[in-house]
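Have the sequence and the 3D view ready, and look up each spot as it comes along.

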Amino acid sequence: MSIKIQRALLSVYDKAGVIDFARNLSEMGVEILSTGGTASAIREVGIPVKDVSDFTGFPEMLDGRVKTLTPQVHAGILYMRDNDDHISTMSEFNLGQIDLVCVNLYPFEETIAQPNVTLSDAIEQIDIGGPTMIRSAAKNMRFVTVVTDPSDYAKVIKEMRENDGKTNENTRFLLAQKVYARTAEYNASIANY
């Protein structure tokens, strides 16, 4: 099944390549949702972007610790587009779908590699919302494209351009597989530290 991407959520710590990715998505008519620094970077170059807080109706809070951990974001990612009950619930609560999630995680590994890093510094670099979003998207890979690696941006854009804004199931499967590998590595690094 090919899925046309209409709305994407971009929230990245490593912003390498994200501006070009956002520009290409926008040129194909994809609505872009974003958070904090990613939204600012995209907005600065004139690409239309909607703050996640405007999408959810809730502000970022607790020093940015809570911004995407909302039913609006996770329902938008997790709902199954071929399930009548899910469709009805989305309509009942006026929730919008999210078709692409582009997230990379806080740099925990880089932080703990620094000399004299404190436990407090390390803990602040444990990403919560990022892993939650990418795992949600990977779980719903039948309908959602998840991108965690900037080296995949060009491949996703190329596939979308060649397929009327759609990605195919095999691509979504491979991208989801990368999510589970990355979150396993990330969690192992935290546990080992």
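Start with A75, which touches M90 and L95, leaving aside residues up to four places away in sequence; contact here means heavy atoms within 4.5 Å. This is a predicted model, where local features need pLDDT of at least 70, side-chain atom pairs count only at pLDDT 80 or more, and totals for chains, interfaces and linings use all residues. Residues are numbered from 1 along each chain as its sequence is written, and side-chain values use heavy atoms, with hydrogens and water left out.

**Around A75**

- You'll find A75 in helix α4 (residues 71–78). Helices (H or I, at least four residues) and strands (E, at least two) are DSSP runs, numbered from the N terminus.
- A75 and G96 sit 21 residues apart in sequence and 8.1 Å apart in space, going from C-alpha to C-alpha.

**The sheet**

- In what order do the five strands of the open sheet come? The order is β4-β3-β2-β5-β6, and the pairing is parallel.
- β4 (50–51) and β6 are the edge strands, and each has a single partner strand, so one side of each has no neighbour in the sheet.
- Two strands count as paired if DSSP finds at least two bridges between them. Strands of a sheet pair through backbone hydrogen bonds, either parallel or antiparallel.
- β2 and β3 pair in the parallel sense over four bridges. Here A8 has I32 in β3 as its bridge partner, and L10 stands opposite S34 in β3.
- β2 and β5 also pair in the parallel sense, over five bridges. On this side A8 stands opposite L100 in β5, while S11 stands opposite V103 in β5.
- β3 and β4 pair in the parallel sense over two bridges, with L33 opposite K50 in β4.

**Strand β2, inside and out**

- Six of the six residues of β2 are buried, so this strand is largely enclosed by the rest of the structure. Buried means under 20% relative accessible area, exposed means over 50%, and partly exposed lies in between (1.4 Å probe, protein chains only).
- In a regular strand the side chains alternate between the two faces of the sheet.
- Which residues of β2 lie on each side? R7, L9 and S11 are on one side and A8, L10 and V12 are on the other, and all of them are buried.

**Crossovers**

- β2, α1 and β3 make a right-handed β-α-β unit. Right-handed means that, with the strands pointing away from the viewer, the path from the first strand over the helix to the second runs clockwise.
- β3, α2 and β4 make a right-handed β-α-β unit too.

- In α1 (residues 18–27), V18, F21, A22 and L25 are buried. They cover an arc of only 95° around the axis, which puts them on the same side of α1; the arc is that of the directions from the helix axis to the C-beta atoms.
- What covers these buried residues? The cover includes β2 (7–12), β3 (31–34), α2 (36–44), β5 (100–104), β6 (145–147) and α9 (153–162).
- α1 and α9 pack at an angle of about 10°, with their axes 10 Å apart. That makes α1 roughly parallel to α9.
- Axes are lines fitted to C-alpha atoms, for helices over the stretch in contact, and angles run from 0 to 180 degrees between N-to-C directions. Angles under 35 degrees count as roughly parallel, over 145 as roughly antiparallel, 65 to 115 as roughly perpendicular and the rest as oblique.
- Where the two helices meet, V18, F21, N24, L25 and E27 come from α1, and Y153, V156, I157, M160 and R161 come from α9.
- After α1 comes G29, with a positive phi near 85°.

**Two loop residues with positive phi**

- N116 isn't a glycine, yet its phi is positive, about 65°. N116 belongs to the loop between α6 (108–112) and α7 (119–124).
- Is N116 buried or exposed? At 75% relative accessibility, N116 counts as exposed.
- D164 isn't a glycine either, and its phi is positive at about 55°. D164 is in the loop between α9 and β7 (166–167), and at 54% relative accessibility it counts as exposed.
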